[in-house]
Amino acid sequence: MGDNTEIITGDIPELEGCMPLQPEEVTTISPTTKNKTGKCVSSSQKIMIVNIYKDIISKTPGIKYLDIINRIRELTGLGRDTVKNTISQYKTTKTVSSPNRKRAKASLFDKIDDLDRTGLRRTIHSVWLKRELPTIDRILFDVNADPSLPNFKRTSLYRVIKKLDFVFAKRTRCSVLTEREDLIVWRRKYLYDIRKYRQEGRTIYYLDETWLNAGDCVDRVWKDNTVLSKHDAFNKGLTTGAKNPSGKGKRLIILHIGSENGFLPGGLLCFISKKNTGDYHDEMNGDNFKQWFENILPLLDPNSIIVMDNAPYHLVELEKYPNTSWKKAAIFEWLSSKYVDRERPLSSLLKSELLAISNKMRPDSKSYVIDNLAKDNGHTVLRLPPYHCEFNPIELAWAMVKGYVKQNNTTFQIDDVRQLVNTAIERVTPQNWKNFIKHVIEEECKIWKVDDIMDDMIDSLEPCIMTLTGETTSSNSSE
């Protein structure tokens with residue numbers, strides 16, 4: 001029977017913590033204001049639904065299910081789906097659940113990809129290249145006028161740019177966007193080092209990870225609008241067009257390394273993802289990357305440079321030092337083999353004191369597992385500055401690989417996609433890589449020029465700056 005004709009019969013089990021209503025209580029309940037759409041329904045409201053439900057069927061055993069739902073809606077002001085779902089849950093589990101008030105909501109910064117972030121950064125730098133000040137309104141206009149970038153509202157763009165570690169600086173009456181000083185220093189050092197290594201004639205390898213889904217294909221195809229149906233296509237000896245994937249399907253994680261001589265033979269790592277997360281970086285870890293890295297080191301030219309980004313599995317420290325998340329016992333054990341103070345034994349110290357001692361023992365610069373492996377094999381690791389994937393030519397190689405796979409993916413089967421990946425990688429020639437690296441060098445020169453212009457223009461303005469933190473400095477502060 002459907003909802004309109006279902007008859008409630010049989011005994012209804014008691015809900016723990018739920019007190020049955022007395023007959024006179026139902027008649028005295030007055031209708032309440034309708035629950036707001038999207039508002040969480042509390043466990044007490046659900047218990048009230050169950051109480052009323054039990055009271056109604058005890059007095060009128062032959063009542064139709066839909067009439068019960070409507071009666072409860074009148075008495076509680078709650079929606080039909082809420083009432084039906086609560087009763088269904090109670091009949092199945094003999095209890096009701098509390099609402100989940102915390103809903104994970106992805107931020108706009110997480111929704112846009114690395115290419116969009118790079119495009120935003122390039123847009124801001126393009127204003128500096130024109131020797132103009134990049135105010136938020138100017139950036140908003142340029143970004144929304146660029147068809148390759150998403151459209152933003154002013155406040156949304158502000159939040160995204162702030163997440164990209166730009167600083168909103170105010171000088172005199174003109175507010176401009178500049179970048180954190182430590183990131184500028186990092187970028188400047190990287191550009192200086194990469195130029196030096198090229199002049200030395202050392203082979204420079206670039207590595208990176210990417211992903212592909214079994215359902216990835218081209219977004220747009222030509223469609224014959226004269227074919228009206230499958231039957232019509234059959235009669236005309238035609239087709240209804242390309243088959244669409246049913247979903248994203250399984251995911252391939254791909255890791256490779258290359259230089260101006262092309263992708264390194266034997267450097268490909270390609271496997272099926274086992275995690276259903278939005279970020280493919282979750283699939284890799286320090287152990288997996290280390291094992292792959294150890295295998296490719298003997299394949300590299302002597303005295304090479306290895307360029308990589310700052311993914312967590314690239315930054316596994318050679319020795320972990322205590323931090324606030326460590327238990328006191330773990331900090332004590334770590335210090336026991338390294339620190340001796342006869343006047344104040346470790347067992348008498350507080351956790352904060354143990355942490356203070358361990359922090360003094362921390363070296364000025366971190367030592368990473370990958371860097372030491374490369375050094376032991378005669379190579380040097382060079383890390384990209386944050387948010388600058390345009391400095392890595394393998395990103396252009398990945399775009400070429402993905403384009404080929406999407407154009408030729410017709411089965412949407414993961415094994416076929418894996419074979420397409422292998423074929424696509426073979427199609428990326430050394431000449432392609434030389435062109436990619438040439439483009440990257442042009443980008444590096446452009447950013448070098450941006451930094452010079454930015455430094456010159458900001459220095460020429462009145463030396464009064466207020467950052468997002470609200471701190472204010474002035475050359476006239478002593479007056």
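Modeller: What follows is a set of questions about labels, each answered by setting a value against its cut-off.

Biologist: What makes you careful about residues 1–13?

Modeller: Over residues 1–13 the pLDDT stays under 50, although the model has 27 contacts there beyond four places in sequence. Residues 15–31 are also below 50, and that stretch has 30 contacts beyond near neighbours in sequence. Where pLDDT is low, the predicted coordinates should not be read in detail.

Biologist: How do you know that strand β3 is mostly covered?

Modeller: Strand β3 spans residues 204–213, and nine of its 10 residues are buried, the cut-off for that word being a relative accessible area under 20%.

Biologist: What makes β3 and β7 a pair, and in which sense do they run?

Modeller: A pair needs at least two bridges; β3 and strand β7 (residues 305–308) have three and run in the parallel sense. On another pairing, β3 is joined to strand β4 (residues 251–259) by eight bridges, and these two run antiparallel. Tyrosine 206 takes part in both pairings, standing opposite valine 307 in β7 and having glycine 258 as its bridge partner in β4.

Biologist: Why is arginine 202 called buried?

Modeller: Its relative accessibility is 17%, and the cut-off is under 20%, so arginine 202 counts as buried. Arginine 202 lies in the loop between α9 (181–199) and β3.

Biologist: What does the side chain of arginine 202 make a polar contact with?

Modeller: The partner is the side chain of asparagine 303, at 2.9 Å, and the cut-off for a polar contact is within 3.5 Å. Leaving aside residues up to four places away in sequence, arginine 202 touches Tyr197, Asn303, Ser304, Ile305 and Thr380.

Biologist: How many aromatic pairs are there in the whole structure?

Modeller: The search finds eight. One of them joins tyrosine 190 and phenylalanine 391, whose ring centres are 5.8 Å apart and whose planes meet at 5°; centres must lie within 6.5 Å and stacked planes under 30 degrees apart, so this pair is stacked. Tyrosine 190 is in helix α9 and phenylalanine 391 in the loop between β8 (380–383) and α15 (394–408), so that the pair links parts of the chain 201 residues apart. Tyrosine 190 counts as buried at 1% relative accessibility, and phenylalanine 391 is buried at 0%.

Biologist: Why is the pair of phenylalanine 263 and tryptophan 398 called tilted?

Modeller: Their ring centres are 5.7 Å apart and their planes at 40°; stacked means under 30 degrees and edge-to-face over 60, so this pair is tilted. Phenylalanine 263 is in strand β5 (residues 262–263) and tryptophan 398 in helix α15, 135 residues apart, and both residues are buried. Phe263 and Trp398 form one aromatic cluster with Trp433 and Phe436.

Biologist: How do you know that the charged end of lysine 402 sits over the ring of tryptophan 211?

Modeller: The charged end of lysine 402 is 4.0 Å from the ring centre of tryptophan 211, where the distance cut-off is within 6 Å. Arginine 188 likewise lies over the face of tryptophan 448, at 3.6 Å from the ring centre.

How values were computed: Residues numbered from 1 in each chain as written. Predicted model: local features only at pLDDT ≥ 70, side-chain atom pairs only at ≥ 80, totals over all residues. Heavy atoms only, no water. Buried < 20%, exposed > 50% of the residue type's maximum accessible area, 1.4 Å probe, protein only. Helix = DSSP H or I, 4+ residues; strand = E, 2+ residues; numbered from the N terminus. pLDDT = per-residue confidence, 0-100. Contact = heavy atoms within 4.5 Å. Polar contact = N/O pair within 3.5 Å; in protein donor to acceptor, adjacent residues only side chain to side chain. Phe/Tyr/Trp six-rings, centres within 6.5 Å; stacked < 30°, edge-to-face > 60°. Lys NZ or Arg CZ within 6 Å of the ring centre and 35° of its normal.
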